[in-house]
Amino acid sequence: MADDRERAEILVTGVHKRINDAFQVFDHDLNKTVDVREIGAIVRSLGCFPTEAELLDIIDEVEEPNGFICFERFLPTMSKILMENKFRPIPEDTLLTAFEVLDQQKKGHLEPNELTEYMRQGDEPFTQLEMEEMLSSAVEPDSNLIYYKDFVNMMVLDGER
Amino acid sequence: MHKILSFTVRDIVTQYMNISIYMKMGYMNINLNVVFALAFKIPPHVMGCGMGKAAASLGKKREREHISVPAMRAALLIQRWYRQYAARLEMRRRCTWNIFQSIEYAGEQDQIKLYNFFGYLMEHFTPASSERSLISHIFRENDVVHDTEWERYFCYKSIEVSHGYHGPHLTFPMTFCEASKLVEAFKHKQLLHSRYVLQLLGEAWKLLRILPNINHVSTCHSKEITICGDLHGQLEDLLLVFYKNGLPSSEKPYVFNGDFVDRGKSSMEILLILFAFLLVYPNGVHLNRGNHEDHIVNLRYGFTKEVLGKYRVHGKKILKLLQKMFSWLPLATVIDGKVLVVHGGISDTTDLNVIARMERHKYVSALRPPKSSRRSAGGNRRAPCCTEGGEERNHHGTGARARAPGPGSRHAAHRRSLHSGSAVEEELRQRRQQAGLSQSLQELRRLVSSSSSSDEDDDDADDGNSDPQPRTPERDEWKQMVDLLWSDPMAQDGCQPNQVRGGGCYWGPDVTEEVLGRHHLQLLIRSHECKQDGYEFCHNRRVLTLFSASNYYEVGSNRGAYVRMGPDLVPHFIQYQSSQTCRTLTLRQSIGRTERSALGALREQLFAHKSDLLGAFQHYDPDNTGVISLKHWASAMEGVLKLGLPWRVLRSQLGTSTQDGMLDYREWIQDLVFSEPKHELSNASILETMYRNHSNLETIFRIIDTDHSGSLSFEEFRQTWKLLSAHLKTEVDDDAIADLALSIDFNKDGSIDINEFMEAFRLVALAVPS
């Protein structure tokens with residue numbers, strides 16, 4: 001029993017440490033607060049895949065009136081999310097399948113404006129800037145096409161670093 | 001084909017009206033292709049003649065007009081995934097940024113510590129000490145000497161321009177044509193002859209001396225004013241700004257907000273251009289002093305080296321003139337009485353009236369409190385270092401200066417006026433004995449000011465040294481100036497000393513409101529901090545940080561920006577990035593590149609602290625198992641390096657792998673591989689000291705090299721090491737230094753070339769296998 005408790009404690013400490021480290025990167029003034037706009041980057045860099053709406057829910061829970069988020073309030077909320085494994089990562093093959101669904105003609109690639117159309121619609125469309133950034137990494141410059149299998153590989157690999 | 005041609009303009013307009021309703025509903029990001037498809041409802045097979053690929057894809061669009069549910073779900077999934085990926089990239093970018101900034105600011109702090117240490121030595125060493133004479137010349141105060149004498153010293157007339165010179169020839173008075181000619185010449189990488197340099201600088205100096213501390217500018221006549229931030233010797237950026245925005249003139253006024261020099265390779269050229277245009281349009285060019293317009297900072301950050309390298313014969317003279325000109329640069333600019341432009345920032349005590357009244361040229365270096373607050377109460381005492389001014393004596397034969405009593409009696413005066421108790425006296429004697437072991441910045445300041453407070457409070461019966469930093473009017477003034485040049489904004493309210501930089505404050509939004517309110521200002525524009533997009537607002541958009549040196553840390557690291565502002569005082573931003581290659585890098589590539597560079601810089605730091613790190617790791621491993629936990633590893637790293645970096649996040653990029661959460665630290669340290677220096681050194685600890693204190697060493701060398709010859713004698717080299725070891729509280733034995741000196745006397749001529757020495761021991765990182 002004591003062992004279990006100890007293990008649980010170690011686990012919790014580990015989680016707290018990870019949250020603290022991620023938080024610290026965006027804490028410019030080293031005063032345990034971050035700008036609310038950085039929350040997306042922090043939550044996601046901890047391995048979560050929330051939608052924009054889910055992020056807004058998190059922000060609602062922890063935001064201070066002055067537009068900042070302080071660590072004391074963020075820590076319990078984020079710990080819960082990590083422990084419960086909410087916003088689970090999307091497996092690589094699911095991602096590939098998603099691209100294949102968009103590629104109706106099974107060409108093995110997508111054109112930039114095809115992808116743009118999909119990404120710029122829906123409940124949480126990409127902004128102009130997000131779209132440009134995605135295209136700049138996704139489009140193969142010589143052919144001006146998106147070979148999504150390669151793109152998925154690249155995104156996943158970078159994630160392992 | 002005819003079907004297409006028969007659509008009327010009215011049809012198109014109607015469709016656009018529908019689209020605008022979409023936009024109001026929040027679908028801001030509608031793709032124009034979709035708009036067209038909806039508008040024209042063109043079936044794919046009708047496409048033909050001349051509309052080509054675009055038309056064909058429009059047709060395809062129409063098929064997907066109603067996106068299927070699986071496709072929508074797939075798109076959602078991809079969006080979520082991509083945002084996660086982008087966040088990870090952002091985290092990496094931010095870490096990289098933090099690394100560069102920490103190393104940069106730690107360097108600035110180092111410099112201030114070093115300077116304060118020297119100041120302390122000056123105050124407390126015995127007059128006979130040879131160390132003191134080596135460094136005294138950087139503290140010489142020259143105010144008593146009349147400017148006319150200096151003008152004679154700086155005179156250009158005796159310098160001949162040989163026929164072999166192919167650079168620009170300037171004629172005076174400076175005109176717009178001459179100034180543009182200068183810009184063109186520098187574009188073609190020409191060097192301006194030292195005669196013209198001294199002539200141009202001399203003229204500009206005269207002008208600077210009549211300028212007020214605060215430039216007041218107005219945007220009347222519908223003029224727009226352009227404001228630029230830090231340039232740091234990056235000529236390409238200045239040229240890019242001129243290309244995009246036009247050259248300065250009365251119709252196109254500019255404000256340059258400090259930090260023109262250091263780090264980049266063309267600081268001299270930037271200064272010459274700015275001063276040239278200042279001469280042509282005194283009402284069109286406004287310069288603010290930055291914290292790098294300071295000869296002490298220049299010793300470390302490359303400007304001194306640049307000038308001496310470009311002007312071997314007259315470099316020293318040019319530097320001396322620039323030293324004075326920097327002290328004469330205005331401190332701030334106010335636009336239309338509403339916008340304050342200053343290099344660093346403000347503090348809770350900032351008072352523009354005090355700043356307007358001060359004699360700004362008293363502060364040759366902003367790092368040093370004014371001489372008068374340290375002078376003893378009686379008599380016309382001069383700076384302690386006046387007697388060592390060999391250089392001055394050669395050039396100024398006049399006895400216009402009042403000769404102070406010798407340093408010996410100054411010490412006696414110190415002792416006599418120290419009536420605050422024997423405790424301080426005892427401490428001073430101990431300090432002298434220990435030959436200046438360094439202390440914290442705070443303690444140094446306290447010690448310096450406690451002796452001065454004793455001096456000034458002669459009449460005060462119970463002067464008990466209770467106030468560590470007595471608030472004399474001079475110190476207040478000095479603090480105002482340092483705050484203007486060195487401070488940074490912070491997110492939380494309040495005002496606290498800027499520990500990271502070692503000078504100035506961190507100030508909060510409440511201070512912004514209070515200071516701006518008190519002065520009836522609406523906006524503060526400052527620079528001093530590099531920003532990824534070239535500019536950034538904070539404090540409810542009441543403070544704007546503007547940085548004009550693009551790719552500051554590394555190619556692709558950041559954009560530069562400048563601001564145009566009309567009578568409405570609404571800032572308009574123009575951003576740019578000067579290198580050709582980086583524009584074609586994807587975000588991912590440019591982050592990767594900057595990151596590799598930052599990690600390289602960080603690994604250098606690790607290597608330089610190898611033995612300390614090993615010691616710290618071993619402290620956590622008393623049983624000598626060879627492994628420690630990640631938590632301990634991170635603590636040890638921060639304890640030794642003190643860079644305030646998120647070590648656990650950086651862990652994987654520093655090549656650490658863990659098993660069961662434990663790290664084999666010996667293996668990890670071994671893997672920090674670097675190329676061996678060209679010369680074998682038996683003493684590994686000296687080697688490490690050298691790597692770690694690369695910049696400090698170079699700074700000390702350049703200070704000691706009084707004739708700016710670029711080389712040191714063995715004795716001077718030995719003195720350098722003794723000074724450094726006193727500063728660092730380490731022991732370095734004479735034999736080891738002698739060996740070192742012999743081994744690096746490359747020409748075997750009994751002297752050591754500074755540049756060669758620094759090159760030989762510059763760390764060159766080998767690529768770490770990923």
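Guide: Across the interface of chain B and chain A, 10 residue pairs are in polar contact, both residues being at pLDDT 80 or more; a polar contact is a pair of N or O atoms within 3.5 Å, in which, within protein, one must be able to donate a hydrogen and the other to accept it, and residues adjacent in sequence count only if both atoms are side-chain atoms. The elements that give two or more residues to the side of chain B touching chain A are α3 (32-40), α4 (52-63), α5 (69-124), α23 (587-608) and α26 (647-650) of chain B, where helices are DSSP runs (H or I, at least four residues) numbered from the N terminus. Of these, α5(B) gives the most, with 22 residues. By class, this side of chain B has 23 nonpolar, 12 polar and 13 charged residues.

The model is predicted: local features need pLDDT of at least 70, side-chain atom pairs count only at pLDDT 80 or more, and totals for chains, interfaces and linings use all residues. Residues are numbered from 1 along each chain as its sequence is written, chains are lettered from A and ligands numbered from 1 in the order in which they are written, and side-chain values use heavy atoms, with hydrogens and water left out.

The rule also finds 3 salt bridges across the interface of chain B and chain A, each a side-chain nitrogen of Lys or Arg within 4 Å of a carboxyl oxygen of Asp or Glu. B:R83 forms a salt bridge with A:E130, their closest N and O atoms lying 3.0 Å apart.

In total, 48 residues of chain B are in contact with 54 residues of chain A (heavy atoms within 4.5 Å).

How values were computed:
Ala, Val, Leu, Ile, Met, Phe, Trp, Tyr, Cys and Pro count as nonpolar, Asp, Glu, Lys and Arg as charged, and the others, Gly among them, as polar.
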